[in-house]
Amino acid sequence: MAKSGNSSMDRLLYHRFAKLSLPRHTSYPAVPFWSNRVDHSVISHRIGQLAHGNLPTSFYVHVPFCERLCHYCACNKLVIGRGNAEADKYARRFIDGLEQELKWVNAQSNGKRWNVHQIHWGGGTPTWLGVEEIAEVWALLTEHMSIAADAEISIELDPRVTSSEQLQLLRKLGFNRVSLGVQDFDSNVQQAIQRIQPAEMVESFVRECRQLGFKSINFDLIYGLPMQTLESMERTLSRVVEMSPDRIAFYRLAMLPDAYKWQRTFKAVDIPSNELVLDFMLRAVDVFGTNGWDFIGLDHFAKKTDELSVAYRAGTLRRSFQGMTTGAELPVIGVGPSAISCLGDLFAQNETQFPLWANLVNARGCATVKGHQLSVDDSIRQSVLNQLYCYRYIDKQKFHGQHNLNFDEYFASATEAWLEMEGIGLIENSPKRLSSTPLTGWLLLRVVAATFDAYLPADGWKNGVSSKVASQVG
Ligand code: SF4
């Protein structure tokens, strides 16, 4: 067996599967399997039930605008510089649309205030909005909310476009967590991806966030970017260690130039080889592991004192569209273009295109265009996948306790796949547990997860699926 670098890493086995396209399962079933059968009448009923039960709720706001285009981007965004003559009109149209959407959401509660325990603003770039615009959106959003004293209120920030004034306002409004798009500190890499933000800029931004009292700081890093070398990655990792964020999400570049045509500016010769990309991940596991971060799930690292790590050890960690989360599983109401609502066993997604979203909210308040109503089987598989992605194993007795079902009998159709996986060292399967093996199985968690996905062909785990519905594993 070809093993090198980390002694528990089987490189040949890794590369055999890393090239496959498989879902990441931020939802089950994955978004490409949703349909347009979930419309505004379905979601209206479910949101109403939430309000009447006074259930703890989470709100997600998607701000779709960005100042300039990063050439690796896979997000739903509209690039328009604030200096552009049209920018203010776009901002107005967005805020007015949001007002209509929130009016509709609030109408479903019949005057009852929302019992809110979590708010997240993502994008795009939420701080593309100016200070007064942020304050206006916040006022509209929270008008009918009772926000819990210990609510988690988070926002995604781009250090290049976020001013001190904006940061101070956010803190004053009650935001207590920030997630920074960092990606890489090397200037050649930043040039290649057209995202120029020197380490010193991020460092002083982090200092300011800490001085203002934001409780948790997350860094998003991306590996597999053009111009990355082992040396440049070492430097980036040690700068990250110096800045000491509470959490780190270390994502593999989703390279899909057919879908994201701006990625075509990357020169093939600058893209790191698969061998090198694996080295990046192994270095990250090593560097962050030896400097006090726990390696959690597929691609997250958290300091032992951070709530994510605490929740991991307490067995209460969950996975959502916003990554790893702690605490109870809250229903999420999403507003803004492309926002996703997760309402128990119902997923609903808004229209993704900004002008179409604006037309829909102005015409009828609700912009839901697709979603999925989970069957009992979907819900069972979703909870199993949640455990696997957070903990890298499934406790069969816990499964029996939760669902009153025998794990091996319920998933009997996957037995053959698991036998094969055990034979090649991807999993260990005992009467009590099904576990992915460190480190190869951990890094190929999506392959193991594919055996629980009833929307994929039975051999999907070893042959992959179309890159139109999933991204490359490693
Ligand atoms: S700031 Fe974020 S959302 Fe906007 S273009 Fe860059 S990566 Fe995409």
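Colleague: Why is the contact between glutamate 152 and arginine 177 called a salt bridge?

Modeller: In this predicted model, the closest N and O atoms of glutamate 152 and arginine 177 are 4.0 Å apart. A salt bridge requires a side-chain nitrogen of Lys or Arg within 4 Å of a carboxyl oxygen of Asp or Glu, and therefore the pair is counted as one.

Colleague: What makes this pair a tie between parts of the chain?

Modeller: Glutamate 152 belongs to strand β6 (residues 145-157) and arginine 177 to strand β7 (residues 177-183), so the pair joins parts that are 25 residues apart in sequence.

Colleague: How do you know whether arginine 177 is buried or exposed?

Modeller: Its relative accessibility is 6%. Buried means under 20%, so arginine 177 counts as buried. Glutamate 152, with a relative accessible area of 15%, is buried by that cut-off.

Colleague: Why is lysine 215 called exposed?

Modeller: Lysine 215 has a relative accessible area of 53%, and exposed means over 50%. Its salt-bridge partner is glutamate 307, with the closest N and O atoms 3.8 Å apart. Lysine 215 lies in the loop between α7 (199-212) and β8 (216-223) and glutamate 307 in helix α10 (residues 307-314), so this pair ties together parts that are 92 residues apart in sequence.

Colleague: Why is glutamate 307 called partly exposed?

Modeller: Its relative accessible area is 34%, which falls between the 20% and 50% cut-offs.

Colleague: Which residues are linked in a network of salt bridges?

Modeller: Glu152, Arg177, Lys215 and Glu307 are linked in such a network. The structure holds 26 salt bridges.

Definitions and conventions
Residues are numbered from 1 along each chain as its sequence is written. This is a predicted model: local features need pLDDT of at least 70, side-chain atom pairs count only at pLDDT 80 or more; totals for chains, interfaces and linings use all residues. Side-chain values use heavy atoms; hydrogens and water are left out. Helices (H or I, at least four residues) and strands (E, at least two) are DSSP runs, numbered from the N terminus. Buried means under 20% relative accessible area, exposed over 50%, partly exposed in between (1.4 Å probe, protein chains only).
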